[in-house]
Amino acid sequence: MSSDQSSIVAEGFTDTASDYDDAVRFNIGGAQRLIISIPAGQYDDVIDIGCGTGWATQALVDRFHPARITGVDPSEGMLEQFQMKVGSIEGIDITLAQGDVEHMPVTDGTFDLAICSMAYHWFPNKWDAAKAMARVLKPGGVLAILCSGRGGEQIYRDILANTEPMNYTWLGAFDAVQRDIPEMEDYLLQAGLDVNDIWMERRVRHTTVEAYMERMRVVAGHLIGDQSEGDVAEYMARVEKNMHEACGPRGWTYDFTKLYAIARKPS
Ligand SMILES: C[S@@+](CC[C@H](N)C(=O)[O-])C[C@H]1O[C@@H](n2cnc3c(N)ncnc32)[C@H](O)[C@@H]1O
């Protein structure tokens with residue numbers, strides 16, 4: 001993976017780490033649905049890859065109460081939030097590991113369970129990322145992934161496609177991140193895992209243009225790249241005007257698709 005790409009994403013998430021929980025609060029439900037889908041079992045050693053502020057770990061603690069959890073994230077700001085949220089839970093050893101998915105500073109073959117909630121879509125090398133996640137599992141260990149699914153947010157994509165000057169980076173980002181069920185299955189099979197279950201969830205969300213754009217700033221701020229502040233502000237004003245025109249009686253309405261996968265490393 002390009003370490004430049006990885007550090008740009010990490011810096012973006014560090015810049016917005018303290019705003020993450022407020023802007024993306026509805027993701028808590030997704031993390032909980034991922035954790036509830038993990039097969040019942042004893043998971044003493046758990047790794048949360050792209051752990052962010054720790055929602056998925058929090059849900060995992062509530063259900064499984066493992067002995068040890070390692071949170072991996074390249075963003076220092078996110079790791080600080082993670083530590084604040086879950087660092088002092090009684091009876092659980094928490095380890096923070098700064099690094100990207102392909103270079104996790106952990107020992108291979110040591111985890112009973114790996115979770116990766118709303119982070120896989122940001123991994124630039126999805127084949128290698130799946131292999132790296134499989135590597136850290138013990139034989140029989142479980143991998144649970146939640147990520148962005150193909151087809152969501154089409155209304156926003158249409159607006160970007162019709163707002164000039166064209167912002168190719170933002171338009172292309174959807175193709176880079178969203179994945180469908182067969183693609184996820186291929187990633188997991190190529191990583192040597194047995195696939196238990198993969199499914200897509202599509203929900204309609206009603207919100208305001210302002211809340212949607214705040215979410216975009218928090219989760220995709222790194223896509224701004226080296227554009228000047230003035231250019232971004234002008235472009236955003238045009239996008240937001242078009243979004244307001246597209247609003248219906250319930251405000252800004254969009255589809256959001258989430259892709260879930262559960263796999264197991266053969267024993
Ligand atoms: C949208 S947040 C999700 C955080 C958390 N897991 C949750 O469910 O709310 C995505 C996280 O993935 C991390 N991330 C981005 N690129 C990564 C990479 N290459 N390897 C590991 N983590 C990465 C980001 O720093 C960020 O904390």
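## Local backbone features, a helix pair and the nonpolar core

Pro165 sits in the loop that runs between helix 6 (154-161) and helix 7 (168-177). The model is a predicted one. In this model the peptide bond joining Glu164 and Pro165 is cis, with omega about -5°. Most peptide bonds are trans, and most residues other than glycine have a negative phi.

Two residues other than glycine have a positive phi: His65 and Met118. His65 is in the loop between helix 3 and strand 2 (68-73), whereas Met118 is in the loop between strand 4 (111-117) and helix 5 (126-135). Their values are set out below.

| Residue | Phi | C-beta neighbours inside 10 Å | Class |
|---|---|---|---|
| His65 | near 40° | 13 | partly exposed |
| Met118 | near 55° | 21 | buried |

The classes follow from the counts: a residue is buried if 20 or more other C-beta atoms lie within 10 Å of its own, exposed if 12 or fewer, and partly exposed in between. Met118, with 21 such neighbours, therefore counts as buried, and His65, with 13, counts as partly exposed.

Met84 belongs to helix 4 (residues 76-86). Met84 has 12 other C-beta atoms within 10 Å and so is exposed. The C-alpha atom of Met84 is separated by 9.1 Å from that of Gly54, a residue 30 residues apart from Met84 along the chain.

Next comes a helix pair. The axes of helix 2 (residues 27-36) and helix 3 (residues 55-64) come within 9 Å and cross at roughly 45°. Because of that angle, helix 2 is oblique to helix 3. The crossing in which helix 2 passes helix 3 is right-handed. On the helix 2 side, the contact is made by Asn27, Ile28, Ala31, Gln32, Leu34, Ile35 and Ile36; helix 3 supplies Trp55, Ala56, Ala59, Leu60 and Arg63. By type, the residues of this contact are 9 nonpolar, 2 polar and 1 charged.

In soluble globular proteins, nonpolar side chains tend to be buried together. The largest nonpolar core here has 59 residues, and those touching the most other members are Ile49, Ala114, Ile115, Met133 and Leu143. Strand 5 (residues 137-148) gives the most to this core, contributing 7 residues.

Which residues is Leu143 in contact with, leaving aside its neighbours within four places in sequence? The contacts of Leu143 are Ala114, Met133, Ala134, Leu137, Leu193 and Ala263. Among them, Ala114 and Met133 are also listed with Leu143 as core residues that touch the most other members.

Notes:
Residues are numbered from 1 along each chain as its sequence is written. This is a predicted model: local features need pLDDT of at least 70, side-chain atom pairs count only at pLDDT 80 or more; totals for chains, interfaces and linings use all residues. Axes are lines fitted to C-alpha atoms, for helices over the stretch in contact, and angles run from 0 to 180 degrees between N-to-C directions. Helices (H or I, at least four residues) and strands (E, at least two) are DSSP runs, numbered from the N terminus. Angles under 35 degrees count as roughly parallel, over 145 as roughly antiparallel, 65 to 115 as roughly perpendicular and the rest as oblique. A crossing is left-handed if the near helix is turned anticlockwise from the far one by less than a right angle, and right-handed if clockwise. Two residues are in contact if their C-beta atoms, placed from the backbone, lie within 7 Å. Ala, Val, Leu, Ile, Met, Phe, Trp, Tyr, Cys and Pro count as nonpolar, Asp, Glu, Lys and Arg as charged, and the others, Gly among them, as polar. A nonpolar core is a set of buried Ala, Val, Leu, Ile, Met, Phe, Trp, Tyr and Cys residues joined through C-beta atoms within 7 Å.
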